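I set out to record the pockets and the sheets of this model. The entries follow in the order in which I looked things up.

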Amino acid sequence: MMDVYLSLVVIRSVNLEKSIKFYQMLGLNFAKHRHGNRLEHFASRIGQVTFEIYPQTARMEVTTGTRLGFQVLDLDAIVIELQKEDVIFITKPSMSEWGRRAVVVDPDGHRIELTQCIIKT
């Protein structure tokens, strides 16, 4: 049996600038990419996963049904920054069986789950 690892996640955005700003508040860093004559997009490495944001076009399927989850070091600090930008909270920060978490909506409508990293000492 082969091991399988997630290596790529792609979402689409109607406003790349707003989306990039949102994900930067979560701690992601992006680089602009273009493969040949294809669409310019933005990519960020998260561990072994490449996370890409492409512009939404009429020919591409909408990705807003995709729910993403990110582990963050300081949920409360990120929540403060998101509240300054009037980000919609589906679930306010609270304890869950997975740890302290919140669910927010990115500028395009993707639901984003943020979970506080548990640091073991």
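Entry 1, second largest pocket. I find that β5 gives the largest share of the lining of the second largest pocket, three residues. Strands here are DSSP runs (E, at least two residues) and helices are runs of H or I with at least four residues, numbered from the N terminus. The model is predicted, so local features need pLDDT of at least 70 and side-chain atom pairs count only at pLDDT 80 or more, whereas totals for chains, interfaces and linings use all residues. Residues are numbered from 1 along each chain as its sequence is written, and side-chain values use heavy atoms, with hydrogens and water left out.

I list the lining of this second pocket as Leu6, Val9, Ile46, Val49, Phe51, Leu68, Gly69 and Phe70. On a 1 Å grid over the protein atoms alone, a pocket is an open set of points where a 1.4 Å probe fits, with protein on both sides within 12 Å along at least five of seven lines; lining residues have an atom within 4 Å of a point. β4 and β5 are the elements that give two or more residues to this lining. By class, I note seven nonpolar, one polar and no charged residues; Ala, Val, Leu, Ile, Met, Phe, Trp, Tyr, Cys and Pro count as nonpolar, Asp, Glu, Lys and Arg as charged, and the others, Gly among them, as polar. The space in the second largest pocket is about 150 Å³, a volume being that filled by probe spheres set on grid points joined across faces, edges and corners.

I record a volume of about 230 Å³ for the largest pocket. α1 gives the most to its lining, with four residues. That lining divides into six nonpolar, no polar and five charged residues.

I read an open sheet of four strands with mixed pairing, in the order β1-β4-β3-β2; two strands pair if DSSP finds at least two bridges between them. β1 (8–13) and β2 (31–33) stand at the edges with a single partner strand each, so one side of each lacks a neighbour in the sheet. β1 pairs with β4 (residues 49–55) in the parallel sense over six bridges. Val9 has Phe51 in β4 as its bridge partner.

β6 and β7 (residues 99–105) run antiparallel and are joined by five bridges. Ser94 stands opposite Arg101 in β7.
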